[in-house]
Amino acid sequence: MTNVPGRRAAAEFLGTAFLVMAVVGSGVMASRLSPNDVGLQLLQNSLATGAALLALVLALQPVSASFNPVVTFVERALGMIDTRTAAVLASAQVLGGLTGTVTANLMFGLDAASISTHERSGPGLWLAEVIATAGLLVIVFGTVRSGRADRVAFAVGGYITAAYWFTSSTSFANPAVTIARTITDTFSGIAPASAPGFILAQLAGGVLGFALIRFLYPVPSASADIAADRKVLA
């Protein structure tokens, strides 16, 4: 048998790196192309991120395509992976996110890493992150556990694009992406002092999302079980 955790970790690293490149890079491009229109900047940023996420999930889903430690931790809580695999994948996601930010910064002629000064803090933003993360989990696992894993890329890409707009935090919903965005002082950045509040809110959203999944989808469909078995043996 091939080294499944190793292959999955590589996919998670690569996918998270490209996801963060899309977030940060499109944010820089948007601020340069539309310097006086924040609404247009957000539109450009959200469309690029949603499209990239859809493509990345479609490409990497046969190996591993969570790109998010909260999603990985819920997979562990649902018994889909073991503790060691969850730790390896989450670490790969964080490292991939940081790599993606550095790469995006360099592509646009910026310092490889620059600490963000964009403060994002307050009860409204934290609530938004709880809601955004819980909603993402329901979208991901609701689609998978109802036997429609082939559609999860479209569901997630659409949800994240929309959540940029209906949440006050612009839906980070991902601890790895949050950490990565602390080292870019651009449109997409978040000040390091603001990151812990976002991450705690995302973890709270993970708990809420897990509870909703267990209530709404207590038993995966037969087709979901078959798909999970194939993924483990890939």
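Student: Leaving aside its neighbours within four places in sequence, which residues is phenylalanine 67 in contact with?

Tutor: First, the ground rules. This is a predicted model, where local features need pLDDT of at least 70, side-chain atom pairs count only at pLDDT 80 or more, and totals for chains, interfaces and linings use all residues. Residues are numbered from 1 along each chain as its sequence is written, and side-chain values use heavy atoms, with hydrogens and water left out. Contact means heavy atoms within 4.5 Å. With those neighbours set aside, Phe67 is in contact with Ala11, Glu12, Gly15, Thr16, Leu19, Leu53, Leu56, Val57, Leu60, Gln93 and Asn174.

Student: How do I read two packed helices?

Tutor: Two packed helices are described by the angle between their axes and the distance between the axes. Helices here are DSSP runs (H or I, at least four residues), numbered from the N terminus. Axes are lines fitted to C-alpha atoms over the stretch in contact, and angles run from 0 to 180 degrees between N-to-C directions. Take helix 3 (residues 69-77) and helix 8 (residues 195-216): they pack at about 40°, with axes 10 Å apart. That makes helix 3 oblique to helix 8 (under 35 degrees is roughly parallel, over 145 roughly antiparallel, 65 to 115 roughly perpendicular, and the rest oblique).

Student: Which residues make the contact?

Tutor: Helix 3 uses Val70, Val74 and Ala77, while helix 8 brings Gln202, Leu203, Gly206, Phe210 and Ile213.

Conventions: Helix = DSSP H or I, 4+ residues; strand = E, 2+ residues; numbered from the N terminus.
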